[in-house]
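Welcome! Let's take a walk through this structure together, one part at a time.

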Amino acid sequence: MDVLTDLLDRSRARGAAFAHTSATAPWGVRFDDGAGLAVHVVVDGQVHLTVDDPDGTTELVVRAGELALVRGDLPHRMAHEPGAPCIPLAEMMAGGARTDAARGYVLGPAGVPPRPDAVFFCGAYLFDGDLCDGLLASLPPVLHVRPSAGSPLRATLDVFAAELLRDRAGQQVLLDRLLDVVLVQMLREELDAQGDDAPPWFRAQSDPAVGEALRAIHADPARAWTVAELAELVGLSRAAFARRFTAAMGEAPLGYLTAWRMALGRDLLRTTDDGLAAVAAAVGYSSEFAFAAAFKRHHGSPPGRWRARLSPERRAG
């Protein structure tokens with residue numbers, strides 16, 4: 001299992017294409033409530049996107065066939081022009097905008113012409129826990145993507161656009177699944193473009209030995225891995241493998257394994273009522289005492305106390 005797949009799966013990344021919108025000037029919609037990531041795809045025309053970041057405001061024009069990924073903690077606005085009055089998204093979806101079977105939500109003055117100024121859809125991703133925090137932190141506040149002709153992302157967007165403009169049975173399920181594909185393809189393109197600035201686990205995929213070891217660890221993190229076993233798996237001596245892994249990842253193989261087990265342990269403590277013995281077994285420790293000692297070394301607090309400090313809202317995810 002590759003690391004990106006494991007992060008998204010274990011974070012229970014839930015995406016939904018929730019707002020198919022046709023807009024004619026003047027119009028504007030405001031996104032205030034943060035999700036993990038917001039995805040906006042322009043199918044026709046163009047939109048002006050304004051993202052409010054603590055370091056400043058970003059203004060973009062997103063045209064047909066392009067998309068933008070916005071970190072969900074950042075309020076942002078889409079409109080026909082910068083500074084246009086905007087209706088909150090929640091208000092739009094609660095009846096503040098007209099709806100049409102073919103056009104979805106309809107923004108703008110009454111008597112919308114047959115071809116609106118912009119057709120776009122908005123999706124959002126929620127992530128449980130903190131397993132994807134490092135991935136999200138590696139992304140810029142707003143990512144503007146112009147897929148090249150013939151690219152996999154361009155092909156997916158073409159399918160998405162064709163489905164969006166038809167009202168057929170099963171449409172929402174299909175759009176949600178296509179949104180998953182769009183997200184993964186965007187993340188791939190962005191992380192590839194980051195080069196040496198990409199997270200170590202992503203860069204290490206290009207190393208056959210380190211990449212294979214990472215896949216083995218993530219496929220079975222509870223296994224009692226040793227450096228010798230991982231080295232044998234990838235066809236290297238113990239010393240050569242340890243040097244290569246540490247150079248690629250910035251930490252030793254068993255250090256990475258322990259950190260990942262601790263992350264999984266935190267996730268189980270937060271999202272389940274399992275006892276410490278069950279959590280310990282699930283993440284590869286022979287007893288709750290061994291797990292508790294490792295957890296305290298890693299987090300500075302025993303797992304029971306760490307769990308007790310969580311608010312009911314955080315424990316519910």
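A residue is called buried when its relative accessible area is under 20%, exposed when over 50%, and partly exposed in between (1.4 Å probe, protein chains only). Helices (H or I, at least four residues) and strands (E, at least two) are DSSP runs, numbered from the N terminus. This is a predicted model, where local features need pLDDT of at least 70 and side-chain atom pairs count only at pLDDT 80 or more, while totals for chains, interfaces and linings use all residues. Residues are numbered from 1 along each chain as its sequence is written, and side-chain values use heavy atoms, with hydrogens and water left out.

Let's begin with helix α1, residues 3-10, whose buried residues are Val3, Leu4, Asp6, Leu7 and Leu8. These buried residues pack against α3 (133-137), α5 (171-194), α6 (200-203), α7 (208-219) and α10 (253-271); contact here means heavy atoms within 4.5 Å. After α1 comes Arg12, with a positive phi near 50°.

Further along, look at the loop between β1 (14-23) and β2 (28-31), where you will find Pro26. Ala25 and Pro26 are joined by a cis peptide bond, with omega about 0°.

The elements giving two or more residues to its lining are α1, α3 and α10, and α10 provides the largest share, five residues.
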